[in-house]
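Trainee: I have a chain open on the screen and would like to walk through it with you.

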Amino acid sequence: MAATPQNTESSAVTGSAKRSRSLPSRVVPPIELPASVEELARKAAALLGWHGVALPETTMLGRKVCVVARLRTDVHAERIAMGVGPVADRATVDTWTWPELAATAPAPAAEIIGVLAVARHWRTAMASAVPFARYGEAAMVLPSPAVLTEDYVGNCLPRARAYGLAVVTADPNAMIDLDLEGRDERILLAEDPVSRFVNELVYDQLLRATEVPADVE
């Protein structure tokens with residue numbers, strides 16, 4: 001019986017494909033933060049000149065951020081006298097901005113100096129920081145390798161400038177540096193239900209913090 005001719009070219013290509021698929025691919029290790037979020041937030045706040053308590057990372061408005069704030073001790077004393085501590089019910093806080101209730105609503109007891117978003121990638125940090133940049137100072141804290149890319153230069157920096165975000169970098173030894181200054185001349189939103197609710201959450205965090213806020217003139 002005659003042997004059936006084989007397609008040697010096809011077999012060679014198939015064999016080559018199998019061998020190429022079996023080769024291990026080069027794995028690029030993910031960029032990691034060189035220190036804890038809280039440590040980097042404290043160092044970034046000091047670098048930016050934000051004098052207050054760097055609170056632990058928490059989730060606000062669905063974003064993970066570290067807030068730097070001070071307690072307004074006079075307002076806090078008034079609220080203690082009124083029996084009105086931090087209010088975590090958003091529906092209740094929303095009513096405080098109604099014209100008919102604004103005059104009797106408790107005053108904001110926290111002074112928010114700035115909001116920090118510490119992340120391994122600029123897109124994550126920017127998504128967290130931008131909602132707060134509409135009300136005041138906000139900054140991103142990134143590992144230094146994350147800013148040494150064309151994506152950062154071409155896409156992050158223009159957006160950060162537009163939103164008025166500062167960018168702080170941390171090298172592998174957790175030494176920090178300012179890569180982009182924040183912009184002060186941007187238009188900020190006035191107090192609204194969102195900012196009042198955030199202030200109540202920060203007020204609660206300040207009271208729970210072990211560190212006593214310093215009164216910086």
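Trainee: How many helices and strands are in the chain?
Mentor: Keep in mind that this is a predicted model. From the N terminus, the elements run α-α-β-β-β-α-α-β-α-β-α-β-β-α. The count is seven helices and seven strands.

Trainee: What percentage of the residues is buried?
Mentor: Buried here means under 20% relative accessible area. The chain has 217 residues. The buried share of them is 37%.

Trainee: Which element supplies the largest share of the largest nonpolar core?
Mentor: That core has 19 residues, and M126, M140, L142, Y152, A160, L165 and V167 have the most contacts inside it. α5 (122-133), β5 (138-143) and α6 (150-163) each supply at least two of its residues. The largest share, six residues, comes from α5.

Trainee: Which residues does M140 touch, beyond those up to four places away in sequence?
Mentor: M140 is among the residues with the most contacts inside the largest core. Its partners include A160, L165 and V167, which are also on that list.

Trainee: How many residues are in the second, separate core?
Mentor: Among its members are A45, A139, V141 and A166. The second core has 18 residues.

Trainee: Is L180 buried or exposed?
Mentor: L180 sits in strand β7, residues 176-180. Its relative accessible area is 10%. The cut-off for buried is under 20%. Because 10% falls under that cut-off, L180 counts as buried.

Trainee: What distance separates the C-alpha atoms of L180 and L157?
Mentor: Leaving aside neighbours within four places in sequence, L180 is in contact with L157, A160, R161, L165, A166 and V167. L157 and L180 are 23 residues apart along the chain. Their C-alpha atoms are separated by 8.1 Å.

Trainee: Which element gives the most to the lining of the largest pocket?
Mentor: About 350 Å³ of space lies in that pocket. Its lining has 22 residues, and I112, Y135, G136, S195 and N199 are the closest to its centre. β4 (110-118), α5 and α7 (193-208) each supply at least two lining residues. The most, six residues, come from β4.

Trainee: How many nonpolar residues are in that lining?
Mentor: Sort the lining by class. Four residues are polar and five are charged. The nonpolar ones number 13.

How values were computed: Residues are numbered from 1 along each chain as its sequence is written. This is a predicted model: local features need pLDDT of at least 70, side-chain atom pairs count only at pLDDT 80 or more; totals for chains, interfaces and linings use all residues. Side-chain values use heavy atoms; hydrogens and water are left out. A nonpolar core is a set of buried Ala, Val, Leu, Ile, Met, Phe, Trp, Tyr and Cys residues joined through side-chain atoms within 4.5 Å. Buried means under 20% relative accessible area, exposed over 50%, partly exposed in between (1.4 Å probe, protein chains only). Helices (H or I, at least four residues) and strands (E, at least two) are DSSP runs, numbered from the N terminus. Contact means heavy atoms within 4.5 Å. On a 1 Å grid over the protein atoms alone, a cavity is a set of points where a 1.4 Å probe fits but cannot get out, and a pocket is an open set with protein on both sides within 12 Å along at least five of seven lines; lining residues have an atom within 4 Å of a point. Grid points are joined across faces, edges and corners, and a volume is the space filled by probe spheres set on the points. Ala, Val, Leu, Ile, Met, Phe, Trp, Tyr, Cys and Pro count as nonpolar, Asp, Glu, Lys and Arg as charged, and the others, Gly among them, as polar.
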